[in-house]
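Student: Please take me through one part of this model in detail. I would like the charged pairs, and how they connect to the rest of the chain.

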Amino acid sequence: CHSHGCDGADILAALGLSVAEKYHDVKGTAYTYTDPLGGLLRTVTRWYDPQGKRSFSQSIKDKKAAPTLYRLPRVLEAVNAGETVYLVEGEEDVHALEAAFGVTATTAPQGAANFHKADPSPLYGAHVVAVVDRDDPDPKTGKIAALKWAADVRTALADKAASLRFVYAADGKDATDHITAGRLLEDFHDAD
């Protein structure tokens with residue numbers, strides 16, 4: 001339906017789902033990271049406890065190898081085709097962007113504080129839009145994880161991507177919240 005210009009919220013409504021139900025699975029979700037040919041390298045599972053607190057577990061095939069980007073084969077295809085790739089802080093945001101707008105999106109495993117551990121080279125030469133979360137400061141350290149993530153992304157891609165743009169959600173803290181609020185792709189706010 002995206003090829004016909006249908007609105008994502010209207011598609012979900014026709015299926016009897018809300019946008020929030022589409023992106024928040026409290027049962028837990030497994031995300032697989034692969035090599036360029038689709039061979040399994042890592043599985044990240046996100047869980048919610050009865051109080052709604054998130055936790056993650058990982059199964060890694062080769063712990064010595066640098067983590068790859070999520071949806072790597074799709075990312076490589078998009079880069080080769082000259083399409084824009086949306087870089088976000090988590091797998092849930094990847095799925096939200098793909099489902100709502102039909103774009104290519106990716107992330108690195110292990111959260112915002114660990115982007116620097118991932119191999120960013122598939123994004124060299126790419127047109128990248130990095131969606132920076134609007135995180136609150138950590139109560140213990142006072143640091144904002146999203147700002148470190150953005151700095152790490154800038155360090156990794158500033159001189160290597162064909163273009164690099166940083167944006168924030170117009171509503172909420174991340175891409176999923178932005179979409180859940182009914183915002184469009186062009187509604188992201190420039191961060192620079």
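**Salt bridges across the chain**

Tutor: R74 and E98 form a salt bridge, with their closest N and O atoms 2.8 Å apart. R74 sits in helix 3 (residues 72-80) and E98 in helix 4 (residues 91-101), so the pair ties together parts that are 24 residues apart in sequence. Keep in mind that this is a predicted model.

Look at the cover on each partner. R74 has 37% relative accessibility and counts as partly exposed. E98 has 11% and counts as buried, because the cut-off for buried is under 20%. The pair also belongs to a network: salt bridges that share partners join R71, R74 and E98.

The count for the chain is seven salt bridges. Take R165 and D190 next. Their closest N and O atoms are 2.6 Å apart. R165 lies in strand 7 and D190 in strand 8 (residues 189-190), so this bridge ties together parts that are 25 residues apart in sequence. R165 is partly exposed, at 37% relative accessibility.

D171 and R183 make another salt bridge, with 2.6 Å between the closest N and O atoms. Here both partners are in loops. D171 is in the loop between strand 7 and helix 6 (175-180), while R183 is in the loop between helix 6 and strand 8, so the pair ties together parts that are twelve residues apart in sequence. D171 is partly exposed, with a relative accessible area of 30%. R183 is partly exposed too, with a relative accessible area of 30%.

Strand 7 (163-168) leads on to helix 5, whose buried residues pack against it, and also against strand 4 (84-87) and strand 6 (127-131). Those buried residues are A146, W149, A150, D152, V153, A156 and L157. Viewed down the axis of helix 5, they fall within an arc of 160 degrees, so they line one face of the helix. Helix 5 itself covers residues 145-157 and reaches 18 Å from its first C-alpha to its last, close to the 18 Å expected.

N114 is in the loop between strand 5 (104-106) and strand 6. N114 is buried, with a relative accessible area of 17%. Its side chain reaches the backbone oxygen of Q110 at 2.6 Å.

Now the setting. The chain has six helices and eight strands. Buried residues make up 39% of its 192 residues. Among contacts with a separation of 6 or more, 58% come from residues 24 or more positions apart. The chain exposes about 10300 Å², and carbon and sulfur atoms supply 52% of that area.

Conventions
Residues numbered from 1 in each chain as written. Predicted model: local features only at pLDDT ≥ 70, side-chain atom pairs only at ≥ 80, totals over all residues. Heavy atoms only, no water. Helix = DSSP H or I, 4+ residues; strand = E, 2+ residues; numbered from the N terminus. Expected span 1.5 Å × (residues − 1). Buried < 20%, exposed > 50% of the residue type's maximum accessible area, 1.4 Å probe, protein only. Arc of directions from axis to C-beta. Contact = heavy atoms within 4.5 Å. Polar contact = N/O pair within 3.5 Å; in protein donor to acceptor, adjacent residues only side chain to side chain. Areas by Shrake-Rupley, 256 points an atom, 1.4 Å probe, with all protein chains shown as cover. Salt bridge = Lys/Arg side-chain N within 4 Å of Asp/Glu carboxyl O.
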